[in-house]
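Please find below my notes on this model. They are set out as numbered points, for reading beside the sequence and the coordinates.

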Amino acid sequence: MFFSRKGWISISLTIVVIFVALVVVLLGAVMAVNYLSGLRNTTTLVAELAQRSSGFVTDELRDHLDSVVEQSDWVAGLMTDDVVDPADEAVLGQVLLGALAATPQVAMLAFVDPEMTVVRGIRGEAGEGREVRIGPPRDPEFADRMQASARARDDGFWNEILYSERTQRAYVNYVRPVRRDGAFLGVVVALVSLNELSDLVSDVSNQLEGTVFILVERDRVIAHPNLTSPHPELSKASPTVGIGRVGDLVLAQFWSPETEPLKLTGEVENLETRQIEIGGERYILAHVTLDDYGDSPWIVGYHLNAENLESAFHSLHESALVGLVILALGIALAVFLGRKIARPIQAASSGAAQVAELEISELNELPRSPFIELDAQARSF
């Protein structure tokens, strides 16, 4: 196995080591590049999903509410430009009904004058049509606060959430002050039911295969797929539902300290992503903050089961395991081939060594020259 000199490595071992090193370097490098590339692509897909989902949710919400602003401002502009006289309740009522027809998400569009006379365009329940009602405000305290806020502003604004004891529903409302030549004429107010917003996020949830929701003040729920019907805990003092009272276990843990940050490539501004494990399943949590719909920012978020995303990671890990098996087989093949190639070289080396030893022994057996013997005797003398 070894050369006669000590410290020399056998040819067989040398060739095997060279073959194994080549296999490990080449195949290992390819595997590492493929794995890192696959991991990067998978996390990029997760990031793109989060970005597209958050963008889709906010776009749908803005489309839903921006038209409310446009119609309210349009009605206010008719009175500001003296096209419609606020005192002509019959004409004003028809204008309100026309604007209401163009915004099916609005439950009521009304004008409130400084004397607190309210001209209402009301949308009935499904199939009940629209009608005009004139009278005092049903919630005078809310009307007073609304008028005071409107007098202090020039532009429209999203007001506090209103709860109606008559309908047992809560509403977000947009208020637009009406002025002509500097004189305050009153306000146009549009009410959008929180149940209507819940219908919207329910539809978006189905498209995203997750659960979309809207929070205010972090722990109060404005909209959720489970709130498409009036909630029994709503009241004038509490027009929104607590985060733990909508029947969503994942949402109840949305701000839990057990959530872990989820770092994704290509993150967008204002999008926060986290993850949490609940009941043995992992969930992806994401949210953005919107400052356009009231004094308190809205938190538009969603959560989805990571099972679909996990399949991508499982496939990635399985491919890594397959790569390790291939690497092991490659090493075994390198050892086998190295030994096969080394055998004839080793046999030739052994034969050459035997021939050399035979020639040396034959030389030693030849008769010694007399001159050599005389020289040896002289040296001994």
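1. Helix H4 (194-208) and strand E9 (220-223) each supply at least two residues of the lining of the largest cavity in this predicted model. H4 gives the largest share of that lining, with 3 residues. The lining comprises 14 residues in total, and nearest the centre of the cavity lie Leu194, Asn195, Leu227, Leu234 and Val241.

2. The volume of the largest cavity is about 70 Å³. Its lining has 9 nonpolar and 5 polar residues, with no charged residues. The count of cavities of 30 Å³ or more comes to 3.

3. The second largest cavity has a volume of about 50 Å³. Which elements each supply at least two residues of its lining? They are helix H1 (11-80), H4 and E8. The residues that line the second largest cavity are Val57, Glu60, Leu61, Leu200, Val201, Val204, Val212 and Ile214. By class, 7 of them are nonpolar and 1 is charged, with no polar residues.

4. Val212, part of the lining of the second largest cavity, also takes part in strand pairing: its bridge partner in E14 is Tyr302. Strand E8 (residues 211-216) and strand E14 (residues 298-305) are paired in the antiparallel sense, over 6 bridges.

5. E8 and E14 belong to an open sheet of 7 strands, in the order E10-E9-E8-E14-E13-E12-E11, with antiparallel pairing. The edge strands are E10 (241-242) and E11 (260-261); each has a single partner strand, so one side of each is left without a neighbour in the sheet. Val241, within the residue range of E10, is one of the residues nearest the centre of the largest cavity.

6. Strand E13 (residues 281-290) of this sheet contains Ala286. Is Ala286 buried or exposed? Ala286 is buried, because its relative accessible area is 0%, below the 20% limit for that class. Leaving aside neighbours within four places in sequence, Ala286 is in contact with Phe254, Leu271, Glu272, Thr273, Val300, Gly301 and Tyr302. Tyr302 in that list is also the bridge partner of Val212. Between the C-alpha atoms of Ala286 and Thr273, which are 13 residues apart along the chain, the separation is 4.3 Å.

7. Turning to the pockets, about 980 Å³ of space lies in the largest pocket. It is lined by 41 residues, and those closest to its centre are Ala107, Arg166, Thr167, Tyr171 and Leu191. The lining divides into 18 nonpolar, 8 polar and 15 charged residues.

8. Several elements each supply at least two residues of the lining of the largest pocket: strands E1 (108-112), E2 (118-123), E3 (130-135), E5 (162-164), E6 (169-180) and E7 (183-193), together with H3 and H4. E2 gives the most, with 4 residues. H4 also supplies at least two residues of the lining of the largest cavity, and at least two of the lining of the second largest cavity.

9. The second largest pocket holds about 340 Å³ of space. Of its 18 lining residues, Asn159, Glu160, Ile161, Asp295 and Ser296 lie nearest the centre. By class, the lining of the second largest pocket has 8 nonpolar, 6 polar and 4 charged residues.

10. Gln147 is in helix H3 (residues 140-151). Gln147 counts as buried because its relative accessibility is 4%. What lies 2.9 Å from a polar atom of the side chain of Gln147? It is the backbone oxygen of Asp113. Not counting residues up to four places away in sequence, Gln147 touches Val112, Asp113, Pro114, Met116, Phe184, Gly186 and Val187.

11. Leu100 has its place in helix H2 (residues 89-101). With 0% relative accessibility, Leu100 counts as buried. Apart from neighbours within four places in sequence, Leu100 is in contact with Val106, Met108, Leu109, Gly121, Ile122, Arg123 and Arg130. Leu100 and Ala190 are 90 residues apart in sequence, and their C-alpha atoms are 9.2 Å apart in space.

Technical notes: Residues numbered from 1 in each chain as written. Predicted model: local features only at pLDDT ≥ 70, side-chain atom pairs only at ≥ 80, totals over all residues. Heavy atoms only, no water. Buried < 20%, exposed > 50% of the residue type's maximum accessible area, 1.4 Å probe, protein only. Polar contact = N/O pair within 3.5 Å; in protein donor to acceptor, adjacent residues only side chain to side chain. Contact = heavy atoms within 4.5 Å. Pairing = 2+ DSSP bridges. 1 Å grid on protein atoms, 1.4 Å probe; cavity = no way out; pocket = protein on both sides within 12 Å on 5 of 7 lines; lining within 4 Å. Points joined across faces, edges and corners; volume = space filled by probe spheres on them. Nonpolar A, V, L, I, M, F, W, Y, C, P; charged D, E, K, R; others polar.
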